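Dear colleague,

I am handing over the structure below, and I would be grateful if you could look through it alongside these notes.

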Amino acid sequence: MTEHPPAPRAAAIPERPSLEGLEEKWGTVWAQQGTYAFDREAALAGERAEVFSIDTPPPTASGSLHMGHVFSYTHTDCMARYKRMRGLRVFYPIGWDDNGLPTEKRVQNYYGVRGDASLPYDPGFEPPFRGNAKSTKAADEMPISRQNFIELCDELTVEDEKAFESLFRRLGFSLDWDISYRTVDDHSRATSQQAFLRNVARGEAYQSEAPGLWDVTFQTAVAQAELEARDYPGAYHRVAFHGTDGPVYIETTRPELIPSCVALIAHPDDERYHALIGSSVRTPLFDVEVPVLAHPSAEMDKGAGIAMCCTFGDLTDVLWWRELRLPTRSVVTRTGRLQSEVPPWLASSPGAALYAERLGGKTAFSARTALVEALRESGDLDGEPTPTQRKANFYERGEKPLEIVTTRQWYIRNGGRERELNARLVAQGREIEFHPAFMRSRYTNWVEGLNGDWLVSRQRFFGVPIPVWYPLDADGEPDHDHPILPAESDLPVDPAAQAPPGYTDDQRGVPGGFVGDPDVLDTWATSSLTPQIAGGWRGAGSGEPDPLFAKVFPMDLRPQAHDIIRTWLFATVVRAFHEHGTVPWTNAAISGWILDPDRKKMSKSKGNVVTPEDVVREHSADAVRYWAASGRLGTDAAYDVGQMKVGRRLAIKVLNASKFALSFGDVEGDLAAQVTDPLDRSVLAVLREVVERATAGFEAWDYTRSLEATETFFWTFCDDYLELVKDRAYGSRGEAAAASARATLRLALDVVLRLLAPVLPYVTEEVWSWTHEGSVHRASWPSVQELPDGGDPALLEAVGAALAVVRKAKSEAKVGMRAEVPTATLVAPARVLDLVRAAEADLRAAGRLTGRLEYAEGADGAEVAARDLELVPVAKPAR
RNA sequence: GGAUGUGUAGCUCAGCUGGUUAGAGCGUUCGCUUCACACGCGAGAGGCCGGGGGUUCGAGUCCCUCCACAUCCA
């Protein structure tokens, strides 16, 4: 698929080359000509090693576009372009992650609606607003059916995707737009459900009724990976429990949970409580007898050192409940309110009336107020509550602390409970090359710190339904132990809308009939399958993968940001391990974040975000890419307009210098054979080194190093080499000497354009088109072999230094560079002088050394200097 | 509290396995209509390489320690 550079043809060079319009011009050409199209047939016929496959991060289309996208997608695109030029078939799909809460929230706000599973579908439904909903309060939202809600999600995400596509195309990302998926389309849903069913069949997915974190606002279960610990204001309440030998004081931030207290726990080494352990005390107000127990995770130095264990105040309570086999006394419901009816264990207690009248049905917050009041009245509150900041668990998108409630949910084994699986998943991390390598410790730390399996049930609307039904017994109760599963060939299914195999729709909810699992899968449960979705693992649903799958999987590259190593990266590893026993990809390239000038993460709430569209329009795509490509993998980068301006100048310089280098006349025949001048041979020798460094940079996933090497060469090429040879190239010293310069200019330019092409796709394509048929992006990556051997790299440096001293003399004399130098003596070590002499004619032309030029040997190691230098300024032309 | 990373010129960053006088770009200062480019060209100034200790003939680079910042996890 890679072409060699075609024979040069007559140049068609614009009079005044410009960046304006290049993006539209080449964007159209690339799309029309399928420049970045993946050649499926060739890939099927070829070897796996000839393919470079990329597990492109599917952006959340309903999220906002930000410079972080530009940054990390540019990194990937540079690598993709390099690999393509190296002759690999680049599999570079684009996906859209339309699952989940961000989309639901955006749809709610945009249309002013809210999903309500109890409502019937309205085929002619029109939303009350379209992007102009005035209120974001839940009470003002119109309740609509699940299916209507999903339709609106579909409608809006398609719109949102257009904004991303437009920007991504403008930035020149060499994605194959014909290979695309949405995480909610039929294929993705079927793939996700198929993988889940296979997890179920192998016992890797299971249901469990267990205490879990619950967000009362969003009414959904939350996984460990979605947790966020935040400071939350609270107060310690010193409360007396009634022991046989007097009161036992505990300090709690959640006195409203006293009704659900099941034990007091102290540390086994805490001598203050040795005597109490094994005895029992009675709870205040409710007079329930609870044991005093010992457990090492009680914190001696916190509060009173003895803690109340409830059902459930926090994750430690769950640990105690499990390890000490404590009873379950749950009062907090999924709504975050205390249950209305008096719990059975309080029924005969003196506090039953208190519960019924002042606690039942209240939110945790108001129940706390009421209970503290009651404690005051009974004298069980010691002193006044003391304010404190404590860490509380939040859902990362939620605003209220999570409650812990017992629910039936699906889980996927991820090593959080089994040591062996944990060790094997840690080992999978060592099979992946992380770039940079230290990012692997983020992975390892996370996996080793897991304390539970992956909860994948979500009580949401817009997502992939859990493909499971449950039979109903004669009493209409679901039999969770015998779930009904669909055939793989029937996927995707929606258990809320379809009947399971062997049932009819009118048996839904009827005793002896069935009920569908009401939940959807965690969004990561689908996006953890992006390699399988994009690569065609499910195939046409017949059980056989698309034959392409074997040619792209395991993929070569997963690019992503470091904040989702614990979620997206890890989840993908888990799924690939369960399904294929392999890693999902062999390389993970981790991009950093974009920081504002104050070194803070740019975010909408701080008001410091800039819109990528405007930035690209202002500076050009090549310029913005240059900025992004200057940031190395794993390193946070500053948002730096200055760096974009540098990129823009480089792009313009490429246009102008190329035009100039091609302006001396055509070249024909074997160019390398025409390079005879020592200076010309020298510049190509330097370029050979640059090719080696630029290649080594990309091979080490260090495109920045590659860019820097090429860029440095290019400026020397423009400032020194071009200046030195232009007189000769015009023909001042005969045709052979001119031909050597012209051939060198052409050879160097062709190589430099290809070295810059991954970073500056537009300007390099433009210049390439002046002298070539076909795209520079389909040309071969330059090799040392295409440049003549035998030049001395030191020659260019020596002559450059000599030219610099002449320029310095002119600059210090404040005369123009055109000033003539009738006499001068160059002082330098003998070795350097020899090199300078070899290019004396070019030096004389560039420095206007018109008369006597002498050489004096200087000390070894000394720099080039000039003495006895006379200057004749150019007479100002008469006006 | 633990893990990881960062700390080099006013700013953004190079400096790989220790080796001459620490580099680049931007900015700044001083110049220059030089026939590709004034979105240009040339030249200059600017650094106790976060602090302290150690290893070494030699440390920006290796080790220890402290400080500051960032991210992730408790």
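Ser527 has a relative accessibility of 2%, and because buried means under 20%, this residue counts as buried. Please keep in mind throughout that the model is a predicted one. Ser527 belongs to helix α12, which covers residues 523–527, and, leaving aside residues up to four places away in sequence, it touches Asp97, Trp568 and Thr572.

As for the chain as a whole, chain A contains 26 helices and 29 strands, and its C-alpha atoms fill a box of roughly 115 × 65 × 55 Å along the principal axes. Of the 879 residues in chain A, 54% are buried. Among the contacts with a separation of 6 or more, 78% are between residues 24 or more positions apart. The chain is divided into domain 1 (231–395), domain 2 (613–791) and domain 3 (805–872), and the C-alpha centres of domain 1 and domain 3 lie 89 Å apart.

An unreviewed UniProt entry lists residues 28–115 and 139–637 under "domain: Aminoacyl-tRNA synthetase class Ia". In the model, the span 28–115 is 48% helix and 14% strand, with its end C-alpha atoms 41 Å apart.

The largest cavity has a volume of about 160 Å³, and of the 18 residues that line it, the closest to its centre are Ala223, Ala225, Asn414, Trp454 and Arg566. By class, the lining of the largest cavity is made up of nine nonpolar, four polar and five charged residues.

Helix α23, residues 761–771, is mostly covered, since eleven of its eleven residues are buried. The buried residues of α23 include Glu765 and Glu766 as well as Trp768 and Trp770. They pack against α1 (22–33), α3 (67–85), α5 (146–170), α17 (621–629), α18 (641–661) and α22 (735–756).

His435 and Pro436 are joined by a cis peptide bond with an omega of about -5 degrees, and Pro436 sits in the loop between β17 (433–435) and α11 (440–448). A cis peptide bond also joins Phe553 and Pro554, where omega is about -10 degrees; Pro554 is in the loop between α14 (549–552) and β23 (558–561).

Asp287, although not a glycine, has a positive phi of about 60 degrees; it is placed in the loop between β12 (280–282) and β13 (289–294), and at 32% relative accessibility it counts as partly exposed. Asp868, another residue other than glycine, has a positive phi near 50 degrees and lies in the segment after β29 (865–867). With a relative accessible area of 55%, Asp868 is exposed, because the cut-off for that class is over 50%.

Finally, Gly131 lies in the loop between β4 (113–115) and β5 (142–144) and is partly exposed, with a relative accessible area of 46%. Gly131 and Tyr730 are 599 residues apart in sequence, and their C-alpha atoms are 63 Å apart in space.

With best regards

Note on methods
Residues are numbered from 1 along each chain as its sequence is written. Chains are lettered from A and ligands numbered from 1 in the order in which they are written. This is a predicted model: local features need pLDDT of at least 70, side-chain atom pairs count only at pLDDT 80 or more; totals for chains, interfaces and linings use all residues. Side-chain values use heavy atoms; hydrogens and water are left out. On a 1 Å grid over the protein atoms alone, a cavity is a set of points where a 1.4 Å probe fits but cannot get out, and a pocket is an open set with protein on both sides within 12 Å along at least five of seven lines; lining residues have an atom within 4 Å of a point. Grid points are joined across faces, edges and corners, and a volume is the space filled by probe spheres set on the points. Ala, Val, Leu, Ile, Met, Phe, Trp, Tyr, Cys and Pro count as nonpolar, Asp, Glu, Lys and Arg as charged, and the others, Gly among them, as polar. Helices (H or I, at least four residues) and strands (E, at least two) are DSSP runs, numbered from the N terminus. Buried means under 20% relative accessible area, exposed over 50%, partly exposed in between (1.4 Å probe, protein chains only). Contact means heavy atoms within 4.5 Å. UniProt positions are given in the numbering used here, feature names are shortened, and annotations may be inferred rather than shown by experiment. Domain bounds come from an automatic or database domain assignment.
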